[in-house]
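Colleague: Could you walk me through how to read this model, feature by feature?

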Amino acid sequence: MIENATLVLGPPGCGKTHYLLDQIEQALRSGTLPHEIIFVSYTKKAIQEALARACGKFNLQPKDFPFFKTTHALGYAGLGLQRTDVLSSEDYRIIGRDLGLVLESISAVDFDDGQLIPAIIGNGSAYVHLENRARYRCVSLEQEYNDANDYDISYPLLVKVRQVIDLYKQANMKFDFVDMVEKYIDLVPPPRSKLLIVDEAQDLTKLQWNMIGMLAENSERVLIAGDDDQAIYSFAGAEVKNFVSCSSKIHILSQSYRLPETVWELSQRVVKRIQGRIDKEFLPKESKGAVHWHMSYHTIPFDNGGSWTVMFRINAFLKEFAELLENDGYVYSVKGRSSINQGTAAAVYAWRTLQGGGRLYLRQVQDLYKLLTKQGPEAALRRGATTLLGAADPEVSFSMEDLQKSYGLLAGADADAFDVLKMGYQEKMYIAAAERRGVDITAPPKINLSTFHAMKGGEDDNCVVYLGTTRTCAEGDENDEQRALYVAITRAKHTLHLLDSDKRYRILI
């Protein structure tokens, strides 16, 4: 329990972020200095929104707000760490080698993005995950092992993994993600503040709550915001009970500006199955909306226009669906990246511009030349032609005739883009199928694919929820599954489509 805190409950679309930004603005107008406000969130998206608004309203710079950070970034800065102080991909590879395990980092991780554990694959990844999770939950390694109930994990090896990682960090003066919070609590005096805001607090682990408690002791006013019904990170060590019990003073935001009536009604059926939740009444917006059921994805009206998001319980289902879309010529995006390479799409557009008698600027020509074929009897570009562009005027535009005459272009207007550009057969067929649908391949896709978790905090006009799940999910904590479903269906601003599954395990509504 944090005595000086108010728990701000924000059901889906109820303007929680707007409310918190108003609190920051009011504090600044009343004379609170920027460095006297701490804004902590699970990810940096909310932090960036708060910074943008505060800086814009008060003619300030982000550096004026030194305590607008994720918990990990706060620890990183408070401890004075540099990137070289944090375990890298190579460090994990060395640790794995010493253990006789494979530890491979599959992506560059940013502790400011809310990730609790680095993205590691290999037969040792589960051990690192459990070791980290035990520390986040503030439990013994033995308890974490027993709670995980994973018979593929060897407890003696798990103990050894912790010992080797600890010795490696000590010998090389390195920190991992968990250390950024642990060491901050142990070593850094908390700053004094007049306002402490904790956003998305339902996703914090016990260790992070210890950090928040320490910060709250030095804060005059504390707002802890979130929604226990949207707590979907228990797999990473978050425990919603810490959020539910953090304060007896509760402020509920009671009007949704996102959910239409039909979607809201369905969401209430789902959310009332969650045990131990804080009961909260909130109203839908004044529109009817619609909920549709589908046995096949072919009946979903993607071609009717508008923006679409399709959500899946796990990434494997997302990948399967992506293949279906590609086979039917639909273009989609995942994490903002189009399913059609945008460099290729731009080159197709550029070539067709030249074919039609249009002109290109130097940068467009340079990008086009990178993808033109330069070898074989069907070469579209003379070797060394790209070098000729080095002396060209960047302000001058070029026609096909100009490029043929002075810049090594061999192909003419009668050559199709698919013949002159370096593309594989499947890519050509996919682009051709998309264009038959009338899709502008250079435009942002109208269909976005996401997991339930990745879509948290987002919204779209039309949302599709795929009802397939896995045995692990289906036989796991029922409350966790209902929260995940609740998050998914409450992303819809206008229309919700529920897509049934032929998988053995299905989400029941």
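This is a predicted model: local features need pLDDT of at least 70, side-chain atom pairs count only at pLDDT 80 or more; totals for chains, interfaces and linings use all residues.

Colleague: Fine. How many helices and strands are there in the protein?

Modeller: Helices (H or I, at least four residues) and strands (E, at least two) are DSSP runs, numbered from the N terminus. The protein has 20 helices and 17 strands. Its C-alpha atoms fill a box of roughly 80 × 60 × 55 Å along the principal axes.

Colleague: What percentage of the residues is buried?

Modeller: Buried means under 20% relative accessible area, exposed over 50%, and partly exposed in between (1.4 Å probe, protein chains only). Here, 52% of the 509 residues are buried. As for contacts (heavy atoms within 4.5 Å), take those between residues at least 6 apart in sequence: 78% of them join residues at least 24 apart.

Colleague: Now the sheet. In what order do its strands come?

Modeller: Two strands pair if DSSP finds at least two bridges between them. This open sheet has 7 strands in the order 9-17-16-10-15-11-12, and the pairing is mixed. Strand 9 (290-294) and strand 12 (337-338) are the edges; each has a single partner strand, so one side of each lacks a neighbour in the sheet.

Colleague: Which strand does strand 9 pair with?

Modeller: Strand 17 (residues 492-499), in the parallel sense, over 5 bridges.

Colleague: What pairs with strand 15?

Modeller: Strand 10 (residues 308-312) runs parallel to strand 15 over 5 bridges, with Met311 partnered by Ser450. Strand 11 (residues 332-334) is also parallel to strand 15, joined by 3 bridges; there, Tyr332 has Ile447 as its bridge partner.

Colleague: On to helices. How should I read one?

Modeller: An α-helix has 3.6 residues a turn, so residues three or four places apart point the same way. For length, the expected span is 1.5 Å times one less than the number of residues. Helix 9 (residues 206-217) has 12 residues and should span 16 Å; its end C-alpha atoms are 17 Å apart, which agrees.

Colleague: Which residues of helix 9 are buried?

Modeller: Leu207, Gln208, Trp209, Met211, Ile212, Met214, Leu215 and Ala216.

Colleague: Last one: what should I make of the phi values?

Modeller: Most residues other than glycine have a negative phi. Cys138, though, has a positive phi near 60°. Cys138 sits in the loop between helix 5 (125-137) and helix 6 (141-148), and is partly exposed at a relative accessible area of 40%.

Colleague: Where is Lys335 found?

Modeller: In the loop between strand 11 and strand 12. Lys335 has a positive phi of about 55° despite not being a glycine, and with 81% relative accessibility Lys335 counts as exposed.

Terms used: Residues are numbered from 1 along each chain as its sequence is written. Side-chain values use heavy atoms; hydrogens and water are left out.
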